[in-house]
Amino acid sequence: MSRRRLEEAILRSRSLESSGESVDEGSDEEERGELFVRHRIPLTKDSHGIYSLRFSPSGKQLGVGFGNGALQVVNVERGGLGGTLFSGHRTRQAITALSYHPKNSNLLVGAGADGLISFYDIKSELNVLTLTEKENEIHALDFNMDGSVFATAGKDRHIRLYDSQTNEILNFLMAPDFLIDDEVTLTSGHTRRIFALKFHPSEHHLFVTGGWDDSIKVWDKRMAKEARRLISGPHICGPGIDIRNQHILSGSWVAKNALQLWDLRTSSLIQDVPFPAPVLQGEFLYAARFCTDHVVLAGGSGTCSACAINLKTQEVLGEVSLSSKAVQTVDAAPDGRVVAVGGVGGNLHIAELC
């Protein structure tokens with residue numbers, strides 16, 4: 001029954017796409033100049049805090065995940081609630097990761113700290129399928145560029161790659177087992193929990209992960225066990241990794257030099273990106289995203305704000321403040337023009353780069 005519902009949701013989404021829900025990505029031809037807050041949106045689940053945000057492929061919708069497992073969808077143009085997919089429950093844990101199917105704006109997948117992966121048909125507001133990763137807290141989930149595969153990662157340090165048609169595990173990238181004295185090498189799996197996982201937007205097989213073990217690992221999903229490359233240093237504690245062209249952006253929960261740009265091919269540091277923070281507060285970033293090739297967005301608990309920064313000029317284009325409450329997640333629409341910021345106490349802000 002669940003699989004039939006999922007198939008029906010995919011068919012329904014195709015009709016939505018043909019009626020105008022475009023999935024084309026935007027271009028970087030125009031440089032973005034300043035960041036202006038367009039909407040401050042109160043939501044009914046705000047008291048539980050916002051833990052995840054994700055724009056739809058068209059940028060017209062925004063999925064919002066809360067600390068009690070609730071999942072709501074915001075209409076970006078109106079700046080108001082579009083629907084509630086799950087109202088949450090006291091027994092549920094935070095929705096820590098969200099991802100729309102890249103070819104299907106009607107299918108939103110949420111993963112949580114309770115190990116559940118829930119698939120929602122947005123138009124009908126139905127939970128069409130739920131998968132469970134027993135004894136795992138899922139902190140990250142993403143689809144590859146064509147939606148044929150999605151991957152999860154979290155507390156147990158393993159990476160699971162799923163076939164999105166059958167929802168069966170294609171590959172299980174196992175973390176080192178310290179109880180049996182597994183040999184740990186630079187290309188082994190993570191040694192502490194994983195908080196971020198991101199597929200390359202234009203390469204089918206490439207994805208990156210990062211977490212508490214002060215490293216980012218570059219993977220090829222066709223490889224059985226080991227990572228292709230290692231970046232040492234970034235202390236990732238949230239959705240603090242993004243990938244674009246040949247660059248990796250990292251936002252670390254550290255006081256200084258938290259925002260960094262890396263070369264995907266060589267694993268070398270390109271630049272420390274100055275993030276404006278008083279010395280006594282520190283930077284302490286949880287989340288980081290590319291908006292365009294040259295503009296990034298990052299935020300965390302140091303300043304309780306998110307800033308858009310031009311990588312070329314290092315100019316701060318604007319700031320979204322959450323009034324002494326930590327930023328836990330940010331996202332940018334595919335065209336890079338509209339961004340979203342959320343965190344403790346809700347505080348959903350939608351802003352525009354003009």
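Analyst: Happy to; what follows is a set of questions and answers on a predicted model.

User: Why is Lys103 called partly exposed?

Analyst: The label partly exposed covers the range between under 20% (buried) and over 50% (exposed). Lys103 has a relative accessibility of 45%, so it counts as partly exposed. You can find Lys103 in the loop between β6 and β7 (104-112). Its C-alpha atom is separated by 9.7 Å from that of Ser56, and the two residues are 47 apart along the chain.

User: What about the cysteines: is Cys237 buried or exposed?

Analyst: Buried means under 20% relative accessible area. Cys237 has 15% relative accessibility, so it counts as buried. Cys354, with a relative accessible area of 45%, is partly exposed.

User: How many disulfides are there?

Analyst: A disulfide needs a pair of cysteine sulfur atoms within 2.5 Å. By this rule the count is 0.

User: What makes strand β16 a mostly covered strand?

Analyst: Buried means under 20% relative accessible area, and in β16 (residues 215-220) 6 of the 6 residues are buried. Ser215, Lys217 and Trp219 point one way, while Ile216, Val218 and Asp220 point the other way, and all are buried.

User: How do you know that β16 pairs with β15 and with β17?

Analyst: Two strands pair if there are at least two bridges between them. β15 (residues 206-211) and β16 have 5 bridges, in the antiparallel sense, and β16 and β17 (residues 229-232) have 4 bridges, also antiparallel. To see this for yourself, look for Phe207 opposite Trp219 in β16, and for Lys217 opposite Leu230 in β17. In the hairpin of β15 and β16, there are 3 residues between the strands, and Asp214 takes a positive phi near 60°.

User: Why are β6 and β9 said to stand at the edges of their sheet?

Analyst: Let's begin with the sheet itself. Its 4 strands form an open sheet in the order β6-β7-β8-β9, with antiparallel pairing. β6 and β9 (126-132) each have a single partner strand, so one side of each is left without a neighbour in the sheet. On average, neighbouring strands of this sheet are turned by 20° against each other, direction ignored. The pairing of β6 with β7 rests on 6 bridges, and these strands run antiparallel. Leu98, for instance, stands opposite Gly110 in β7.

User: Which residues line the largest cavity?

Analyst: The lining has 20 residues, and Arg54, Thr96, Ala97, Pro239 and Arg289 lie nearest the centre. β2 (50-55), β6 (95-101), β10 and β14 (194-199) each supply at least two lining residues. By class, the lining has 11 nonpolar, 6 polar and 3 charged residues.

Notes
Residues numbered from 1 in each chain as written. Predicted model: local features only at pLDDT ≥ 70, side-chain atom pairs only at ≥ 80, totals over all residues. Heavy atoms only, no water. 1 Å grid on protein atoms, 1.4 Å probe; cavity = no way out; pocket = protein on both sides within 12 Å on 5 of 7 lines; lining within 4 Å. Nonpolar A, V, L, I, M, F, W, Y, C, P; charged D, E, K, R; others polar. Buried < 20%, exposed > 50% of the residue type's maximum accessible area, 1.4 Å probe, protein only. Axes fitted to C-alpha atoms, helices over the stretch in contact; angles between N-to-C directions.
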